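Hi,

Here is the structure I said I would pass on. Have a look at it first, and then read on for what turned up.

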Amino acid sequence: MNQYLTGFFDLPENLLALADECEGLCAPVFRKIDEIAAYNEAKVLAAFGRHKVSAAHLTGSNGYGYDDLGRDTLDAIFAEVLGAEDALVRHTLVSGTHALTVALFGVLRPGDRMVAVTGGPYDTLEEVIGLRGEGNGSLKDFGVSYGQVDLLPDGTPDYENIRRKVKGAKLAHIQRSRGYASRPSLTIETIGKICAAIKEVSPETIIFVDNCYGEFVEKEEPASVGADLIVGSLIKNAGGGIAETGGYIAGRKDLVELVSYRLTCPGIGREAGCSLNQNRPMYLGLYFAPSVTASAVKTSVFASALFEKLGYAVSPKYDEPRTDLILQLTLGSPEKMCAFCKGIQHGSPIDSHVTPLPWAMPGYENEVIMAAGAFTLGSSIELSADGPMREPFAVWMQGGLTWNTGKIGVLLAAAACMKEGEDG
Ligand SMILES: *Cc1c(COP(=O)(O)O)cnc(C)c1O
């Protein structure tokens, strides 16, 4: 099945035989992924139709950007697709972390308390919250306090402590995807249960979901199961590999309005903010997002099956339910991490000839190694792998714009790890 690859890439025969076997194993999982993609593509297409998207929406505005039809309609389409009342989709949100920050500062006020109810948040939020760094304008500097409820040792939510700790809290933070943590990602069903538990004891608490890497992996999004605000990046799933930059913040209308005053200024909110030439890539990206997400999930599922066969600890396993793109591979040594990333890099369309090395990245505590040969800098809907250089020497792999090329990247990474094993 995969024999043709030897005509293009240096891949050992025994690995290709294993790849054939793994593809067979993954076939039923792939059918489910295709079914979800079909559902989400229909949802997106129907939303485009309902909002009467035309060529005029794809052209941008400049200056203040008042009455930017493309921008305002894209907000409405995102809201509909994400199951939310309202949304802000902006190329001026420079990253997922920025979108999360704007949303948090938009709704939190001095004296408020936020509680992370699914364990510590994504690394880059630590400085935003004020868990690291001092005097840099964090939420803590502005008088917002922080509490945390960890997941239970088995990775499930600690409902008892969640109920106890969220009472009176202004905001409860949930992170759908595992991030750089050794914890399971949270399915929509589980997020729904957490939301219900919070509403039961503290109906006023704003339920905030970091939805990064989650969009379109399931049929529903967290806003449909009780989340009040959800946030994500457009250089991950929701931009379909085509949006050049940006993020979204979606949820309850009153909260999105508050966030809009932080996005620009109190009083101006969403009325201003020109789209330049970014409407077309954001529309096209959303259109492609469910199918591109499916390719990335297939790449991840295949890698899980393959690396498990090669004897590595993988999470999630290939047949476990999926709610994000991320695969955690425990490789066990810094050398294997470097080999894996070199392989992924070699399978990239851009910069395939360079060798990634660990470096100190802004916002992260440990040195990080990253393989990313992407059309869009830092885009992780494109095949990429990264991990902090610390125990247990695991990499987190995600992305793959197309399944067939994603597979090649995974195979090159596997070949590099096999070679490292022989040499080391
Ligand atoms: C990627 C990610 C972020 C931050 O996104 P950046 O665009 O890298 O700033 C936040 N939370 C989670 C769970 C993520 O996966």
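Below is what I found, going from the whole chain down to single residues.

Before anything else, this is a predicted model, so please keep the cut-offs in mind: local features need pLDDT of at least 70, side-chain atom pairs count only at pLDDT 80 or more, and totals for chains, interfaces and linings use all residues. Residues are numbered from 1 along each chain as its sequence is written, and side-chain values use heavy atoms, with hydrogens and water left out.

**The whole chain**

The chain has eleven helices and twelve strands; these are DSSP runs numbered from the N terminus, with helices being H or I of at least four residues and strands being E of at least two. Its radius of gyration is 21 Å, close to the 22 Å that the globule rule gives for 424 residues, so the chain is as compact as a globular protein of that length. (The radius is taken over C-alpha atoms, and the rule is 2.2 Å times the number of residues to the power 0.38.) Along the principal axes, the C-alpha trace spans about 65 × 50 × 40 Å.

Of the 424 residues, 56% count as buried. Here buried means under 20% relative accessible area, exposed means over 50%, and partly exposed is in between, using a 1.4 Å probe and protein chains only. If we take contacts in the chain with a separation of 6 or more, residues 24 or more positions apart account for 70% of them; a contact means heavy atoms within 4.5 Å.

As for the surface, the chain exposes about 17100 Å², and carbon and sulfur atoms supply 55% of that. The areas come from the Shrake-Rupley method with a 1.4 Å probe. There are 37 positive and 52 negative charges, and their mean positions are 4 Å apart. Lys and Arg count as positive and Asp and Glu as negative, while His and the chain ends are not counted; each charge is placed at NZ of Lys, CZ of Arg, CG of Asp or CD of Glu.

**Cysteines**

With a disulfide taken as a pair of cysteine sulfur atoms within 2.5 Å, the count comes to zero. Take cysteine 195: the closest cysteine sulfur is in cysteine 212, 17 Å away, which is too far for a bond. Cysteine 195 is buried, at 1% relative accessibility. Cysteine 265 is in no disulfide either, since the nearest cysteine sulfur, that of cysteine 274, is 14 Å away. Cysteine 265 is partly exposed, with a relative accessible area of 34%.

Most residues other than glycine have a negative phi, and most peptide bonds are trans. Now for some spots that go the other way.

The peptide bond from serine 315 to proline 316 is cis, with omega near 0°, and proline 316 sits in the loop between β8 (313–315) and β9 (327–330). Another cis bond runs from glutamate 391 to proline 392, with omega near 5°. Proline 392 belongs to the loop between β11 (384–388) and β12 (394–398). Phenylalanine 393 is in that β11–β12 loop too, and it has a positive phi of about 55° although it is not a glycine. At 16% relative accessibility, phenylalanine 393 counts as buried.

Leucine 276 also has a positive phi, near 50°. You will find leucine 276 in the loop between α8 (253–263) and α9 (279–309), where it is partly exposed at 45%.

**Who sits beside whom**

Which residues does leucine 331 touch? Leaving out residues up to four places away in sequence, its contacts include Phe307, Tyr312, Phe340, Phe393 and Cys417. Leucine 331 lies in the loop between β9 and α10 (334–346) and is buried at 6% relative accessibility. Its C-alpha is 7.8 Å from that of proline 392, though the two are 61 residues apart along the chain.

Alanine 169, in the loop between α6 and β4 (171–175), is buried at 4%. Beyond its neighbours within four places in sequence, alanine 169 is in contact with Arg113, Val115 and Thr205.

Cheers
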